[in-house]
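Visitor: I'm new to reading protein models. Could you walk me through this one, feature by feature?

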Amino acid sequence: MSKNFQEIPMAEPYRIKVVEPVGRLPRAEREAALKRAGNNPFMLKSEEVYIDIQTDSGTAAMSDAQWAAIMTGDEAYSGSKDFFKLEKAVKEILGYPYFFPTHQGRGAENILLGTIAQAGKWVVSNQFFGTGASHLVYNGARCMECVCDEAHDNDSDYPFKGNIDLEKVKAFVNKVGVDNIGFFIMTCTNNPGGGQPVSMANLKEISAYAKSIGKRLFLDFARFGENMYFIKQKEEGYADKSIVDILHEFTSYSDGCMISAKKDGLVNIGGLLCMRERELYLQCAEREINFEGFLQYGGLAGRDMAALAQGIHEVVKDDYLEGRIQLLQSLGDKFDATGVPYLHPVGGHAIYVNANRVYPHIPQSEFPALVFACELYLESGVRCCEMGSLCKGFDPDTGEQIYAPIDLCRLAFGRRAYTSAHYDYVAEACRRVVEKAHKRKRGLLFDKEERTQSCRYFISTFKWAE
Ligand SMILES: *Cc1c(COP(=O)(O)O)cnc(C)c1O
């Protein structure tokens, strides 16, 4: 074969065997639907949406092998063959000796954080995902984020914006004292920070530091495959290693992990709590039994564990990961070409539109990212997700609105769920929204604000400011 031979870039590494028809309502009906939903896309019915990129959570398309596993699920209370399949996948692919199945990611958080979080002690992270932070607060612990400065720079193409800043960590630990530190959590990829990866070197560094002061380090690891793919692509020394080998090295620097399997588990529901120490496993077992279920099913049906075990094998395949990241990358390229502003570089599971740049004339108090989400739905029937000031919520002490550093709107794609033609449709829809942005003079105000910390964002309604 000629040395100069270059392959054509691959299309999606799967073909479609089952389809779910989706339709697009006419513009007038979309207007009526959004009005009925109180200008809150969360309140739309799924049937009113053409392309749903609100979240990548639980929205994956399962493979033929996963569906086959569902049909042969072993529903025994204990000793299910699917528990052992899952155990094998956790050991061989993720590299942890002990684990509990859980009903989803926050189930794993409840078990681990409820067991080890201590009142008044600080838990230090690159950045916390919302459910993890609220479990910590619920248990009386305090949260400190030390993500690197590059993470806050919209235009920086720094490849590992999920990294923690070790100098910031050391300064913080010295300030509050080692005795007031509980443990460390690294979110990989960093979902709240744009789906940006953590480098191997950074994890190794923080792990060594945590050890040196006698603290444990856990991974919030919903997107374990995507983070490893970025290391393979962007970090020196990993190009020729397999994803599984990279994953083994990565997890070797941690004491355990919490996984929402609705992401890189390639299933619609499920979670995992994995760990190294038997002692910790036994400590957590009580909460697992009280809140999730018996040790060998933890809130899942046997068939769910079977699909998850298979999903863990599929998500670490190079072809799969390359196809996934390529689709998002080409959407980013289209945004670059047509002037849709977004947080750089493209993340692993989503692209985040910078709504402050789309609507520089709309103040943060009128929720520019929600404006973008509403306009995108009206223009195209595409549903995305506000991740700006509305999502930030209000200060529990003063009751005042907290403003996000950037009002981002997240376009998160379910794994294997949409084709490149759908991505192109989204690119054109966003281009049109940006082109017409100057016509939208004002933003959105609360019509009926539901003043609860965790639900305001999902169930409040909004009206257009005059
Ligand atoms: C989704 C997610 C969770 C919570 O998982 P659920 O399955 O939604 O309960 C925790 N951490 C991260 C990083 C996530 O993306």
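Visitor: How do I read two helices that pack together?

Guide: Two packed helices are described by the angle between their axes and the distance between the axes. Here the axes of helix α12 (residues 318-338) and helix α16 (residues 420-435) come within 10 Å and cross at roughly 25°. That makes α12 roughly parallel to α16. Angles under 35 degrees count as roughly parallel, over 145 as roughly antiparallel, 65 to 115 as roughly perpendicular and the rest as oblique. The axes are lines fitted to C-alpha atoms, for helices over the stretch in contact, with angles running from 0 to 180 degrees between N-to-C directions.

Visitor: Which residues of α12 and α16 meet?

Guide: From α12 come Arg-324, Leu-327, Leu-328, Leu-331, Lys-334, Phe-335 and Thr-338, and they meet Ser-420, Tyr-423, Asp-424, Val-426, Ala-427, Cys-430 and Arg-431 of α16. Contact means heavy atoms within 4.5 Å. By class, this contact has 8 nonpolar, 2 polar and 4 charged residues. Ala, Val, Leu, Ile, Met, Phe, Trp, Tyr, Cys and Pro count as nonpolar, Asp, Glu, Lys and Arg as charged, and the others, Gly among them, as polar.

Visitor: Before we go on, what kind of model is this?

Guide: It's a predicted model, where local features need pLDDT of at least 70, side-chain atom pairs count only at pLDDT 80 or more, and totals for chains, interfaces and linings use all residues. Residues are numbered from 1 along each chain as its sequence is written, and side-chain values use heavy atoms, with hydrogens and water left out.

Visitor: How many helices and strands does the protein have?

Guide: There are 17 helices and 14 strands. Helices (H or I, at least four residues) and strands (E, at least two) are DSSP runs, numbered from the N terminus. Of the 466 residues, 55% count as buried, meaning under 20% relative accessible area; exposed is over 50%, and partly exposed is in between (1.4 Å probe, protein chains only).

Visitor: Can you show me another helix pair?

Guide: The axes of α8 and helix α9 (residues 243-252) come within 9 Å and cross at roughly 105°. That makes α8 roughly perpendicular to α9. The contact is made by Phe-224, Asn-227, Met-228, Tyr-229, Ile-231 and Lys-232 of α8, with Ile-243, Ile-246, Leu-247 and Phe-250 on the α9 side. Sorted by class, that is 8 nonpolar, 1 polar and 1 charged residues.

Visitor: Is Phe-224 buried or exposed?

Guide: Phe-224 counts as buried, at 1% relative accessibility. Leaving aside its neighbours within four places in sequence, Phe-224 touches several residues, including Leu-94, Cys-188, Ile-259 and Val-316. Phe-224 and Val-316 are 92 residues apart along the chain, yet their C-alpha atoms are separated by 8.7 Å.

Visitor: Where is Leu-266?

Guide: Leu-266 is in the loop between β7 (256-260) and β8 (271-275). Its phi is positive, about 60°, although Leu-266 is not a glycine. Leu-266 is also buried, with a relative accessible area of 0%.
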